[in-house]
Amino acid sequence: MFVLMKPAHPATALSLRPVELDGLSGEPTYLDDLAFVRHVTPTPDGGLVVWLEAGDVEEPPLEDEAPARPADVELHGQGAPCAALTAHPRAQHVEMFVDGLGDPHCAPRGWWHARVWLRPAA
């Protein structure tokens, strides 16, 4: 005889999607402060897999001009860029370059590069 037991409270799992970063430089806590990031896993080649909560991203209001200083964070990866990676609550200005064609051997899915300037911490 088999008895099927149900949990008292149904578990609700978050729907997560992985985004690969080939590189990230700048402020070390940048990914920790992103609202949609749930987990970050290093890859053997030095990159990162960022697990993002699926959902609509509300981007902060940005300034049109980049501040007269170097970007606080630079990140890049293959494929299409993900808005959740640049929607930082302190984002002041974001520049994004996307090459959708890429290279057949090095980046068959294309690649992107983002530079993010952050407002000073309050």
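Is Phe97 buried, partly exposed or exposed, and what is its relative accessible area? In this predicted model, Phe97 is partly exposed, with a relative accessible area of 45%, where buried means under 20%, exposed over 50% and partly exposed in between (1.4 Å probe, protein chains only).

Local features are given for a pLDDT of at least 70 and side-chain atom pairs for a pLDDT of 80 or more, whereas totals for chains, interfaces and linings use all residues. Residues are numbered from 1 along each chain as its sequence is written, and side-chain values use heavy atoms, with hydrogens and water left out. The pLDDT, which is the predictor's confidence in each residue on a scale from 0 to 100, averages 84 over the protein, and 88% of the residues score at least 70. Strand S1 (residues 16-21) has the lowest confidence, with a mean of 88, and strand S7 (residues 111-118) the highest, at 94; strands (E, at least two residues) are DSSP runs numbered from the N terminus.

An open sheet is formed by four strands in the order S2-S5-S7-S6, with antiparallel pairing, two strands being paired if DSSP finds at least two bridges between them. Strand S2 (23-26) and strand S6 (91-99) each have a single partner strand and stand at the edges, so one side of each is left without a neighbour in the sheet. From one strand to the next, the twist averages 10 degrees. S6 and S7 run antiparallel and are joined by eight bridges, and Glu95 has Arg115 in S7 as its bridge partner.

One aromatic pair is found in a search of the whole structure, rings of Phe, Tyr and Trp (its six-membered ring) being paired if their centres lie within 6.5 Å, and counted as stacked with planes under 30 degrees apart, edge-to-face over 60 and tilted for the rest. This pair, Phe97 with Trp111, is tilted, at 5.3 Å centre to centre and 50 degrees between the planes. Phe97 lies in strand S6 and Trp111 in strand S7, so the pair ties together parts that are 14 residues apart in sequence. Trp111 is partly exposed, with a relative accessible area of 32%.

A nonpolar core is a set of buried Ala, Val, Leu, Ile, Met, Phe, Trp, Tyr and Cys residues joined through side-chain atoms within 4.5 Å. The largest such core has 18 residues, of which Leu21, Tyr30, Leu31, Val50, Leu52, Leu75 and Leu85 touch the most other members. S7 supplies the largest share of this core, four residues.

Key. Axes fitted to C-alpha atoms, helices over the stretch in contact; angles between N-to-C directions.
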